[in-house]
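Please examine the chain shown below, and keep it in view while reading.

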Amino acid sequence: MTSSQPAETRTQGRSTQTATLAEIAREAGVSAPTVSKVLNGRADVAPATRSRVEQLLRAHGYRRRRAEATRSPLIDLVFHELESAWAMEVIRGVENVARDAGLSVVLSESAGRLTPGRTWADQVAARRPHGVILVLSGLDESGRALLTSRSIPFVVMDPAGDPGTDVPSIGATNWQGGLAATRHLIELGHTRIGAISGPTRMMCSRARVDGYRAALETAGLPVDPGLILTGDFHHDAGYRQGLALLRRENRPTAVFAGNDLQALGLYEAARELGLRIPEDVSVVGFDDLPVARWVGPPLTTVRQPLTEMAEAAAKLVLDLAKGDDQQVATRVELATSLVVRSSTAAPGGA
């Protein structure tokens, strides 16, 4: 790219503005090659200079034209945590699409943060992948601006919060899944049903518990706040909160565990307390990980089509990389479904 080439135009009100790299360099008080280094994620730029240039790129709405944006044969896949069988299902789906497209997948983790840090963003700018998929995560304004200015498309899968109307996302019908799980227990005859949610900051977790509440309310059953405990979608939380629920004097006869890993923790808590599943307590999970079929008893759960969601996210980000912005749906929810196995029965195992 030469310094005289204009940025993609942007419209503000009735006026259309353009900016060249030379103009941005002049405003920043640096050379055009320095602006180019910032655009390409080069490390040999002083932090203060990088910040000043990035602010001007955002202010001018700079966006590298796709024809000029040479890409590496990569898809960046970013997890907020990378340590479970859940993540493996997502990786499998992205790999399926990447392999067919002749691309490789780069994995990274934001160490529990819901937005990856600046170092990650600079590394992505330097790699120049075909696109970025963020799982249970998102981008702050500066991260979005950085990828947009480099014409690196991004998609959020199972967004932690509301991604915004302009952010492509792939999700699942979490509310419907929580409703189906709880309604199944109600139809079996349970009236005292506990729940172990995931993190309250995650939209999917809140939606599942909202579905649980809706099922109770529509059945005319009270929603007892004392039976809704907060977990973190990990085994240990299911065990810890499972003990808290099952040690209650008037314990629930069934528990919606929020996800399969917490359900497995609840299994451990029940065994420790000498309770049988499903005779003494019925358990429903969410995700339908492969392990759900192997545990004893096999786990009733809500199937979240994780591999299909990941494939859809990868196909979407590649379509966006081709410039098919107007031809693709950018907000997609895939259906969940209840899978009934042996961990649920009528109260008392009748």
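Phe233 lies in the loop that runs between strand E9 (228-230) and H9. The model is a predicted one, and in it Phe233 has a positive phi of about 70 degrees although it is not a glycine. Is Phe233 buried or exposed? Its relative accessible area is 11%, and a residue counts as buried under 20%, so Phe233 is buried.

Arg128 is located in the loop between helix H5 (118-127) and strand E5 (131-135). Its phi is near 50 degrees, again a positive value in a residue other than glycine. Arg128 has a relative accessible area of 29%, and it is therefore partly exposed. The background to these remarks is that most residues other than glycine have a negative phi, and most peptide bonds are trans.

The peptide bonds themselves also deserve attention. The bond from Ile277 to Pro278 is cis, with omega near 10 degrees. Pro278 belongs to the loop between H10 and strand E11 (282-287). Another cis peptide bond leads from Gly296 to Pro297, and its omega is near -5 degrees. Pro297 is part of the loop between E11 and strand E12 (300-303).

The axes of helix H9 (residues 235-246) and H10 come within 6 Å and cross at roughly 45 degrees. H9 and H10 are therefore oblique to each other. Their crossing is right-handed. On the side of H9, the residues in contact include His235, Gly238, Tyr239 and Gly242, while those of H10 include Leu261, Gly265 and Ala269. Sorted by class, this contact has 9 nonpolar, 5 polar and 2 charged residues.

One residue of this contact may be followed more closely. Gly265 sits in helix H10 (residues 260-272). Because its relative accessibility is 0%, Gly265 counts as buried. Which residues does Gly265 touch, not counting residues up to four places away in sequence? They are His235, Gly238 and Tyr239. Gly265 and Gly242 are 23 residues apart in sequence, yet their C-alpha atoms are 7.2 Å apart in space.

A further pair is formed by helix H4 (residues 85-100) and helix H11 (residues 306-321), whose axes come within 7 Å and cross at roughly 40 degrees. This pair is therefore oblique, and the crossing of H4 and H11 is right-handed. Among the residues that make the contact are Trp86, Val90 and Val97 of H4 and Leu306, Ala310 and Leu318 of H11. The contact of H4 with H11 divides into 8 nonpolar, 3 polar and 3 charged residues.

Helix H7 (residues 174-187) and helix H8 (residues 203-218) likewise have axes that come within 7 Å and cross at roughly 40 degrees. The crossing of H7 and H8 is right-handed. H7 contributes residues including Trp175, Gly178 and Ile186, and H8 contributes residues including Ala207, Gly211 and Tyr212. The contact of H7 with H8 holds 9 nonpolar, 5 polar and 3 charged residues.

Finally, the chain may be viewed as a whole. Its secondary structure comes to 11 helices and 14 strands. Of its 350 residues, 53% are buried. The chain exposes about 15,000 Å², of which carbon and sulfur atoms supply 49%. Among contacts between residues at least 6 apart in sequence, 72% join residues at least 24 apart.

Methods. Residues numbered from 1 in each chain as written. Predicted model: local features only at pLDDT ≥ 70, side-chain atom pairs only at ≥ 80, totals over all residues. Heavy atoms only, no water. Axes fitted to C-alpha atoms, helices over the stretch in contact; angles between N-to-C directions. Helix = DSSP H or I, 4+ residues; strand = E, 2+ residues; numbered from the N terminus. Left-handed = near helix turned anticlockwise from the far one by under 90°. Contact = heavy atoms within 4.5 Å. Nonpolar A, V, L, I, M, F, W, Y, C, P; charged D, E, K, R; others polar. Buried < 20%, exposed > 50% of the residue type's maximum accessible area, 1.4 Å probe, protein only. Areas by Shrake-Rupley, 256 points an atom, 1.4 Å probe, with all protein chains shown as cover. Parallel < 35°, antiparallel > 145°, perpendicular 65-115°, else oblique.
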